[in-house]
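User: Please take a close look at the aromatic pairs in this structure and describe their geometry and surroundings.

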Amino acid sequence: MSSRWLRPEVYPLFAATGVAVGICAFSLIRNITGNPEVRCTKENRAAGILDNHAEGEKYKENFLRRYVRDKRPEIMPGLNKFFTDPTY
């Protein structure tokens with residue numbers, strides 16, 4: 001009876017569900033630990049609204065955003081250049 005649910009056709013579904021759960025967990029942990037607007041302790045919540053612009057900029061300008069800022073929004077640059085550039 002238990003081997004009925006472990007068919008090879010189900011493995012991609014398990015993989016997709018695992019990736020989705022991993023992305024959700026990453027987002028949750030990142031927001032709880034790094035977001036300047038999330039305050040978990042009672043003392044921090046009692047502080048009210050803080051003007052912590054530097055901390056907000058540090059959270060917003062993460063490594064991935066800084067890396068892709070100067071890149072062109074292309075998936076396959078070589079293929080795009082081949083079909084659009086007449087001198088290629």
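Analyst: Relative accessible area sorts residues into buried (under 20%), exposed (over 50%) and partly exposed (in between), using a 1.4 Å probe and protein chains only. The model is predicted, so local features need pLDDT of at least 70 and side-chain atom pairs count only at pLDDT 80 or more, while totals for chains, interfaces and linings use all residues. Residues are numbered from 1 along each chain as its sequence is written, and side-chain values use heavy atoms, leaving out hydrogens and water.

Rings of Phe, Tyr and Trp (its six-membered ring) pair if their centres lie within 6.5 Å; planes under 30 degrees apart are stacked, over 60 edge-to-face, and the rest tilted. The whole structure contains two aromatic pairs. Phe63 and Tyr67 are stacked, at 6.2 Å centre to centre with 20° between the planes. These residues are four apart in helix H4 (residues 63-68), and therefore separated by about one helical turn; helices are DSSP runs (H or I, at least four residues), numbered from the N terminus. Phe63 is exposed at 61% relative accessibility, whereas Tyr67 is partly exposed at 48%.

Phe82 and Phe83 form an edge-to-face pair, because their ring centres are 5.1 Å apart and their planes stand at 75°. Phe82 is partly exposed at 47%, and Phe83 is exposed at 62%.

Returning to Tyr67, Lys71 lies over its face, 4.7 Å from the ring centre; the criterion is NZ of Lys or CZ of Arg within 6 Å of the ring centre and within 35 degrees of the ring normal.

Methods: Helix = DSSP H or I, 4+ residues; strand = E, 2+ residues; numbered from the N terminus.
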